[in-house]
Amino acid sequence: MYELDDLDRRLIAALREDARMPITRLAAVLKVSRTTAQARLDRLLDSGAVLGFTIRARHDRNSIRAIMMIEIEGRSTSQIIRRLRGFPELIALHTTNGGWDMIAEIEAAGIGDFDRILREVRQIEGVLNSETSLLLSSL
């Protein structure tokens, strides 16, 4: 397992801000040579510390965003995950510990869609309980 140092963490932070940053710009931001920046990035990719690159899309200002904590009955987790993956409004699913078994990130076009998705998730056989919190501001 590759152990990250300060330069690796700064490189990852810079790429989180702009995953498309050219290697020459990345080197300048990190105050290292282009060769050093490229070698570190290659090592992070080869070791699996960095799995890939992605984009961050702007959320529709009118969309409703929330997290839903879900309690699942016994051994039905796999089939519930399959059902939840069928909802395009659920943009991410996470397993967790504690009182809730799973957390779903929701993004709905409007209040009607938001209400529908909450109702449909709660009606899935094996979903015992849920609690939803609206996301008001992203910082």
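**Exercise 1.** Locate Glu-89 in the chain and decide whether Glu-89 is buried or exposed.

*Solution.* Glu-89 sits in the loop between α4 (77-84) and β2 (90-95); helices (H or I, at least four residues) and strands (E, at least two) are DSSP runs, numbered from the N terminus. The model is predicted, so local features need pLDDT of at least 70 and side-chain atom pairs count only at pLDDT 80 or more, while totals for chains, interfaces and linings use all residues. Residues are numbered from 1 along each chain as its sequence is written, and side-chain values use heavy atoms, with hydrogens and water left out. Next, take the relative accessible area of Glu-89, 13%. Buried means under 20%, exposed over 50%, partly exposed in between (1.4 Å probe, protein chains only). Glu-89 is therefore buried.

**Exercise 2.** Which residues are in contact with Glu-89, leaving aside its neighbours within four places in sequence?

*Solution.* Apply the contact criterion, heavy atoms within 4.5 Å. The residues found are Glu-105, Ile-106, Glu-107, Arg-116 and Ile-117.

**Exercise 3.** Which residues of α1 are buried, and what covers them?

*Solution.* Helix α1 comprises residues 6-17. Its buried residues are Leu-7, Asp-8, Leu-11, Ile-12, Ala-14 and Leu-15. They lie on the same side of α1 because they cover an arc of only 160° around the axis, taken from the directions from the helix axis to the C-beta atoms. Their cover includes α2 and α3. The face turned away from the buried side carries the exposed residues Arg-16 and Glu-17.

Terms used. Expected span 1.5 Å × (residues − 1).
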